[in-house]
Amino acid sequence: MHSARNVLRSLLLVAAVVGVTLPAGAALAEPSAQEVQQQIDKQSTDLERIVEDYNRTTEQLKTTQAAAADLTAKLGPLEQQLATATANVSAIGAQAYRRGGQISTATTLLNGGRPDTTLQSLASLDRLAKIRQRDVSQYTTARKQYQAQKAQLDATLAQQTNQQKSLSDRKATIEADLAKLEARKRQLNQQAAAAQAAAKRANSSSGSGNSSGGGSGSGGGSSATPPPVSGAAGVAVRYAYGALGKPYVWAADGPGSYDCSGLTLAAWRAAGVSLPHNAAMQWDRVSHISRSSLAPGDLVFYSGLGHVAIYVGNNQVIHAPTFGDVVKISSVDMMKPYGYGRVR
């Protein structure tokens, strides 16, 4: 018991020493504005990947739904054809039974009836029955195949719908985290601005009249006037310029908001060209070209096909960047391009 007390006393002493040794604020150190921005950048990248995965799933879901609708449209008439063919076989069987009954009666033979005619009719009915039975067999086989396809499509629809919901839930979680990070960044920036203003006032009151003008306003460095581009590419480029300043919204393709592939989709849709709502799927639709061949209207892909922008000339692209941002003009080298594509 005595030794147990000694051990307890030693542990309390160690805890006290640790409490004295560690700075009180070390465990509660606040992240800097730069660190918060790094977290925002990472979360935004994760969000964009999820949004593009969501868009891909949505495109796949549309294809599956179209296939299911087409199959349903085929199944209706097939069921009707099968029902009709089955009814015809039954009717032929009933008619053959009646005629067979006539030829088997003694009264027909004794009364000078024409059994040969009746036999010919039965043979014709037998041939017709075989034809109708073959139709029934073909329709039944086709129905089984359609039903198997429908079961597979139903399973795919369920899987894609669940995947879409899962991605939507993940997106909502990241957006909530991003909103908190953005609020924290604003708070840190406000604190920094207040500290800077206080220091400036202190310098002014101490007679130091230095004023540092010249903010870093990067106004984009380019005119918001579309370049003169002809044809369908010109229509797409002008549309992209018209979207400048509109907010990034996931899975949106205009006219009030966009995500990255939604913007390129909408720009080329205005020019009469259909593109899927997913950067990777758009990459599969375009002709791949070299950097030296880039022309306004071409698409520039980034981030392992997780992001896409429309080239507008002068080494610039227009794109919908990420959550909390707006459609804007950026350098084609804003990040390392994955590749370049021409819409065909």
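Modeller: Keep in mind from the outset that this is a predicted model. Rolling a probe the size of a water molecule over the atoms shows where empty space is left. Here the second largest pocket holds about 160 Å³ of space, and among the 13 residues that line the second largest pocket, Glu59, Lys62, Asp253, Leu265 and His277 lie nearest its centre.

Biologist: Which element gives the most residues to the lining of the second largest pocket?

Modeller: That is H2, which gives 5 residues, although H2 and H6 each supply at least two. By class, the lining of the second largest pocket divides into 5 nonpolar, 4 polar and 4 charged residues.

Biologist: What volume does the largest pocket have, and which residues are the closest to its centre?

Modeller: The largest pocket has a volume of about 260 Å³, and of its 14 lining residues the closest to the centre are Glu48, His319, Pro321, Thr322 and Met335. Helix H2 (33-103) and strand E5 (328-331) each supply at least two residues of this lining, with H2 giving the most, namely 4 residues. The lining of the largest pocket has 3 nonpolar, 7 polar and 4 charged residues.

Biologist: Let us turn to the aromatic rings. How many aromatic pairs does the structure hold, and how do I tell the geometry of a pair?

Modeller: The structure holds 4 aromatic pairs, and the geometry is read from the angle between the ring planes, where over 60 degrees counts as edge-to-face. The rings of Tyr239 and Tyr258 have their planes at 90 degrees and their centres 6.3 Å apart, so this pair is edge-to-face. Because Tyr239 lies in helix H5 and Tyr258 in the loop between H5 and H6, the pair ties together parts that are 19 residues apart in sequence.

Biologist: Is Tyr258 buried or exposed, and what about Tyr239?

Modeller: A residue counts as buried under 20% relative accessible area and as exposed over 50%. Tyr258 has 1% relative accessibility and therefore counts as buried, whereas Tyr239, at 23%, counts as partly exposed.

Biologist: Which ring does Trp283 pair with, and in what geometry?

Modeller: Trp283 pairs edge-to-face with Tyr338, at 5.3 Å centre to centre and with 80 degrees between the planes. The pair links distant parts of the chain, since Trp283 is in helix H7 (residues 279-285) and Tyr338 in strand E6 (residues 337-342), 55 residues apart. Trp283 counts as buried because its relative accessibility is 14%, while Tyr338, at 45%, counts as partly exposed. Together with Phe301, Trp283 and Tyr338 form one aromatic cluster.

Biologist: How many bridges join E6 to strand E1, and how many to strand E2?

Modeller: Strand E1 (residues 287-289) is joined to E6 by 3 bridges and runs antiparallel to E6, and in that pairing Tyr340 of E6 is the bridge partner of Ile289. Strand E2 (residues 299-302) is joined to E6 by 4 bridges, again antiparallel, and Phe301, a member of the aromatic cluster, stands opposite Gly339 in E6.

Biologist: To finish, where does Ser257 lie, and which residues does Ser257 touch?

Modeller: Ser257 lies in the loop between helix H5 (231-242) and helix H6 (260-270), and at 16% relative accessibility Ser257 counts as buried. Leaving aside residues up to four places away in sequence, Ser257 touches Pro247, Val249 and Ala252.

Technical notes: Residues numbered from 1 in each chain as written. Predicted model: local features only at pLDDT ≥ 70, side-chain atom pairs only at ≥ 80, totals over all residues. Heavy atoms only, no water. Buried < 20%, exposed > 50% of the residue type's maximum accessible area, 1.4 Å probe, protein only. Contact = heavy atoms within 4.5 Å. Phe/Tyr/Trp six-rings, centres within 6.5 Å; stacked < 30°, edge-to-face > 60°. 1 Å grid on protein atoms, 1.4 Å probe; cavity = no way out; pocket = protein on both sides within 12 Å on 5 of 7 lines; lining within 4 Å. Points joined across faces, edges and corners; volume = space filled by probe spheres on them. Nonpolar A, V, L, I, M, F, W, Y, C, P; charged D, E, K, R; others polar. Pairing = 2+ DSSP bridges.
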